[in-house]
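Hi everyone, thanks for making time this morning. I'd like to walk you through one structure, so let me put it up on the screen.

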Amino acid sequence: MTAQLEREFDVIVIGAGAVGENVADRVVQGGLTAVLIEAELVGGECSYWACMPSKALLRPGTALHGAQTVPGAAEAVTRTLDTAAVLKRRDYFTSNWQDDSQVKWLQDTGIELIRGHGWITDTRKVEVAGLDGNSYALSARHAVVVATGSSPTVPPVEGLSDVDYWTTREATSAHESPPRLAVLGGGVAGTELAQAFARLGASVTLVARRGLLGAFPEEAAALVAAGLRADGVSLHLHTGTDSIRENDDGSLTLELAGGGAVTADKLLVTTGRHPALEGIGLESVGLAAADGRELRLSTDSTGLVSGGTGNDVEPWLYAAGDAAGRVMLTHQGKYGARATGDAIAARARGELGGEAAPWSRYARTADDHAVPNVVFTDPELASVGRTVQQAERDGFSVSSVELPIQVAGSSLHAERYEGWAQLVVDEDRKVLLGATFAGPDVAELLHAATIAVVGEVPLDRLWHAVPAYPTISEVWLRLLEEYGL
């Protein structure tokens with residue numbers, strides 16, 4: 001017989017991915033009790049099906065290509081990857097899809113775990129259908145946090161629902177590389193995985209209704225496109241997909257808008273993600289999508305949800321990470337989770353009232369001003385803060401300076417190094433609003449730019465941050481010289 005167990009905690013967190021773990025950790029550090037509810041693996045999407053396995057698939061190809069661009073090293077390396085070794089290393093970084101170490105961390109930290117499906121039933125109330133066969137009726141003294149992550153958004157393409165296709169989960173956990181892979185979508189996941197599988201030997205075709213990496217400056221995205229083409233990836237950009245069908249031999253054919261077709265053994269759909277808010281009971285506390293539209297939560301800088309029964313009287317319902325729908329990046333979700341956990345603990349102690357002050361430990365202010373992002377293709381694309389267009393929309397008097405990356409450090413780094421860099425400047429305050437770098441190994445340039453944007457470092461002071469010679473970072477000096485300093 002199924003038992004119903006009643007439990008009470010200070011904080012209930014639905015979702016034990018990286019974001020949920022960080023919320024729970026911060027509230028426990030703040031002296032509260034916390035429970036995580038998770039039906040899958042503790043550690044979530046990033047640990048097992050996204051960030052870690054995808055980068056483990058990409059890094060060997062980048063390392064090999066890097067060696068091939070340096071005379072002396074090029075003669076010492078083979079020309080192809082060992083696919084079995086790459087996949088074995090990927091398995092290591094996913095802990096073979098076992099979460100024992102993550103569960104031990106929870107135990108050592110003092111966070112309780114209930115494996116099962118949880119949903120909100122009322123104010124501060126959560127029910128869990130436990131995977132152990134028990135039912136749990138949980139109540140929270142202070143807060144319930146929705147940290148359920150996101151789900152793939154599937155486009156309305158004729159025939160897609162009738163065929164077997166990959167999402168990023170299946171691609172990052174694949175145990176072999178298909179002979180022919182079609183990738184639908186030109187965003188970060190699509191470009192990264194297209195290159196990863198091309199370097200593992202697949203014949204890859206990428207089809208994108210819009211351009212490639214449209215959220216980034218065109219000059220930077222063009223370098224990534226050239227890198228993909230150099231690896232044999234066929235790009236069909238600004239091209240829609242009319243229909244998809246399965247052939248008699250099990251292959252799939254994509255009929256492209258305007259004519260033409262692509263046939264592949266596997267199809268990877270990477271056309272975006274949306275907050276995973278289905279089936280967690282939000283309608284029971286007055287939060288439901290209007291007119292059949294997709295539900296989106298609105299939160300303040302602490303993660304407190306706007307609306308919800310009783311939430312405006314005494315705060316109790318929060319959302320963090322992808323579920324909050326603000327910035328769908330793991331590092332930014334963890335940053336917001338730390339702010340949310342600290343805010344919950346501070347409110348429980350009576351130390352925080354309404355809205356948190358910007359840039360305080362309780363506010364995820366960087367979500368609005370300084371989000372760092374890396375596309376781990378080869379070449380890499382790294383950006384932080386606003387683009388020129390975003391800055392203009394936000395009302396800034398803005399200018400930009402752009403240069404190819406041509407410094408001593410880049411010429412030493414690789415033969416025929418190609419890169420591009422841009423700074424976006426607030427002309428009224430003479431501080432950086434954003435920066436973008438594209439080229440081999442530019443991701444390590446990004447944190448300096450992030451510090452400059454977050455710290456609002458004046459350009460005349462930034463001029464005195466002297467880059468070491470000979471490094472690729474010398475591009476900072478060239479950009480500031482180009483600006484006129």
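**A walk through the model**

Let's start at T387, which is in contact with A215 and V424, leaving aside its neighbours within four places in sequence. Before going on, please keep in mind that this is a predicted model. Where does T387 sit? Its place is in the loop between β17 (380-385) and α11 (388-393). And is T387 buried or exposed? T387 counts as buried, because its relative accessibility is 15% and the cut-off for buried is under 20%.

You'll find T191 in helix α7, residues 188-199. T191 has a relative accessible area of 0%, so it is buried. Which residues does T191 touch, not counting those up to four places away in sequence? They are G186, L206, L212, L213, L228, V375 and T377.

For contrast, let's go to the surface. Y92 belongs to helix α4, which covers residues 83-93. With a relative accessible area of 61%, Y92 is exposed. Together with M52 and F93, Y92 forms a nonpolar patch on the surface, and the three have about 310 Å² of accessible area together.

Strand β5 runs over residues 135-146. How much of β5 is buried? The count is 9 of the 12 residues, so β5 is largely enclosed by the rest of the structure.

What does β5 pair with? Let me take its partners in turn. Strand β1, residues 4-14, pairs with β5 in the parallel sense over 10 bridges, and in that pairing Q4 stands opposite S135. Strand β15, residues 317-319, also runs parallel to β5, over 3 bridges; there V144 stands opposite L317. With β4 the sense is antiparallel, over 5 bridges. Two bridges to point out there: A129 is partnered with S135, and V128 with Y136. If you compare these, S135 turns up as the bridge partner of A129 and also stands opposite Q4.

That brings us to β4 itself, residues 125-130. In general, the side chains of a regular strand alternate between the two faces of the sheet. Which residues of β4 make up its covered face? Those are V126, V128 and G130, while K125, E127 and A129 are on the uncovered one.

β4 also pairs with β3, residues 112-122, in the antiparallel sense over 6 bridges. In that pairing, G116 stands opposite G130.

So how are these strands connected? β3 and β4 form a hairpin with 2 residues between them, and R124 in the turn has a positive phi of about 60°. The hairpin of β4 and β5 has 4 residues between the strands, and there G133 takes a positive phi near 95°.

One last stop, helix α9, residues 330-348.

Methods:
Residues numbered from 1 in each chain as written. Predicted model: local features only at pLDDT ≥ 70, side-chain atom pairs only at ≥ 80, totals over all residues. Heavy atoms only, no water. Patch = residues over 30% accessible without salt bridge, like charges linked within 9 Å, V, L, I, M, F, W, Y side chains within 5 Å. Areas by Shrake-Rupley, 256 points an atom, 1.4 Å probe, with all protein chains shown as cover. Salt bridge = Lys/Arg side-chain N within 4 Å of Asp/Glu carboxyl O. Buried < 20%, exposed > 50% of the residue type's maximum accessible area, 1.4 Å probe, protein only. Contact = heavy atoms within 4.5 Å. Expected span 1.5 Å × (residues − 1). Pairing = 2+ DSSP bridges.
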